[in-house]
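Here's a walk through how the chains of this model pack against each other. Have the structure open and follow along.

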Amino acid sequence: MIDYLTMILTAAGLFFFFATTLGLLRFPDFYSRMHAAGKGDTLSSLLILSGLALYHLHDPSTANILVAAKILFILVFIFMASPTATHAIIDAGYQSEVKPWTRADDGEGDDDLAV
Amino acid sequence: MNGFFIGAGVILCLLMLLALYRTVVGPTIIDRMMGATVIGTKTTILLVIIGTIYGRVEMFVDIALAYAMLNFIVTIAASRYFTHHKNITGAGFGVFGRVPKRRPKK
Amino acid sequence: MYFISTTLILFAFWLVLSGKFDLFHLALGAISSLVVAWMSSDLLFFEQNKKGRTGEALRFLAYIPWLVAEIFKSTIHVAWLALHPAMRERIDPRIVTFKTRLKSDVARAALANSITLTPGTITVRVEEDVFTVHALSDKTAAGLPGGMEERIARIFREEAA
């Protein structure tokens with residue numbers, strides 16, 4: 001039972017990882033790529049790591065509970081660190097005056113290497 | 001269950017390759033940094049999965065924790081370093097450091 | 001008071017990380033968390049003369065489920081955009097600025113992180129009370145700051161201007 005729950009959570013996390021990594025390749029400029037990178041990482045880590053924590057709580061012994069607690073700690077850390085890192089990177093780009101893509105630029109291949 | 005975890009790990013590695021495209025091609029330094037951060041998050045999860053496969057998760061989870069913290073600190077330090085950077089496309093550095101050619105306006 | 005709570009948090013952290021419960025390791029953990037708390041108990045809890053810290057923490061815990069729901073929505077939104085074949089017609093990115101009425105640094109940081117985690121918006125920069133936000137479309141830009149500022153003002157008991 002718990003095995004199936006872990007499978008579902010991990011598969012969902014992998015799907016979101018796939019979608020946002022594709023977004024990292026497809027979005028037209030740096031700012032919108034950051035949307036994909038920052039948000040996808042947070043939710044996919046949440047899904048996969050909670051699935052793994054459940055899997056290790058399968059037979060609760062002291063060692064397994066400690067492992068699950070550590071996985072939860074990684075989760076909380078990613079939860080706090082990911083928005084902060086996103087903010088730091090996007091601020092660095094803004095300060096270095098990376099030009100944002102707007103709809104008016106469409107079709108000029110302004111920022112990307114004509115992918 | 002082990003087969004499922006191995007499959008998940010392989011898929012994560014393939015996704016890392018996709019993110020590596022953004023890291024290598026750029027076009028700006030900030031884009032490369034973003035790709036590296038995404039790869040780092042995936043590595044954290046991959047470490048926990050590897051630990052589960054080998055049955056040594058109590059060891060690998062510590063490594064994953066340290067890796068997550070290191071990844072965060074590296075991201076913060078690099079983004080502080082590249083704030084107000086003049087040569088943001090990294091022009092002239094390395095094979096992939098060339099500036100993308102702009103198509104002329106119609 | 002803050003010294004004791006810092007020590008307790010550090011000691012709980014030690015217990016989770018070491019995973020050994022014999023006397024030697026417990027004593028080592030107690031000594032090291034006391035020393036670290038003595039050196040840096042003013043780093044974990046700043047603004048130490050503030051009242052009502054416990055209620056604030058409890059209300060913040062009640063805020064987290066809403067935030068998780070928002071993260072689900074925003075990731076589904078971004079994933080849908082990323083997989084959409086005609087993605088470039090769907091987005092209309094823009095950078096907007098607005099002023100917040102939140103006063104304390106903690107409340108502003110919470111608002112910035114919440115904006116980053118809600119659909120279609122990312123905080124670019126916070127200078128005093130001016131927020132610079134990158135939005136993926138005009139619809140998401142119109143929803144700023146929305147109900148989030150209200151919620152955070154309620155959590156940190158700040159006066160609505």
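## The cavity

The largest cavity in this predicted model has a volume of about 220 Å³. The structure holds one cavity of 30 Å³ or more. If you want to find its centre, look for A:Ser82, A:Ala85, B:Thr37, B:Thr41 and B:Asn71, which are the closest to it of the 20 lining residues.

The largest share belongs to α3(A), with seven residues. By class, the lining splits into eleven nonpolar residues, eight polar ones and one charged.

## Where B meets A

On to the interface between chain B and chain A. Here 50 residues of chain B are in contact with 48 residues of chain A. The two chains bury about 4,500 Å² between them, and 77% of that is on carbon and sulfur atoms. On the chain B side, the residues that lose the most area to chain A are B:Met1, B:Arg22 and B:Met34, which together account for 14% of what that side buries.

What about the polar side of things? Between chain B and chain A there are eight residue pairs in polar contact, counting pairs with both residues at pLDDT 80 or more. Three helices of chain B, α1 (2–25), α2 (29–54) and α3 (57–81), each put at least two residues into the side that touches chain A. That side is made up of 30 nonpolar, ten polar and ten charged residues.

## Salt bridges across B and A

Side chains of opposite charge can pair when their charged atoms come close. How many salt bridges link chain B and chain A? The count is three, while over all chains it comes to eight.

One to look at is B:Asp31 with A:Arg33, whose side chains meet at 2.5 Å, N to O. B:Asp31 sits in helix α2 of chain B and A:Arg33 in helix α2 of chain A, so this pair joins two chains. Another is B:Arg80 with A:Asp91, a salt bridge at 3.6 Å, N to O.

## Where A meets C

Now turn to chain A and chain C. The contact takes 41 residues from chain A and 41 residues from chain C. Between them they bury about 3,600 Å², 72% of it on carbon and sulfur atoms. In chain A, the residues losing the most area to chain C are A:Arg26, A:His35 and A:Lys39, together 19% of what that side buries.

Conventions:
Residues numbered from 1 in each chain as written. Chains lettered and ligands numbered in written order. Predicted model: local features only at pLDDT ≥ 70, side-chain atom pairs only at ≥ 80, totals over all residues. Heavy atoms only, no water. Contact = heavy atoms within 4.5 Å. Buried area = accessible area lost by both parts, 1.4 Å probe. Salt bridge = Lys/Arg side-chain N within 4 Å of Asp/Glu carboxyl O. Polar contact = N/O pair within 3.5 Å; in protein donor to acceptor, adjacent residues only side chain to side chain. Helix = DSSP H or I, 4+ residues; strand = E, 2+ residues; numbered from the N terminus. Nonpolar A, V, L, I, M, F, W, Y, C, P; charged D, E, K, R; others polar. 1 Å grid on protein atoms, 1.4 Å probe; cavity = no way out; pocket = protein on both sides within 12 Å on 5 of 7 lines; lining within 4 Å. Points joined across faces, edges and corners; volume = space filled by probe spheres on them.
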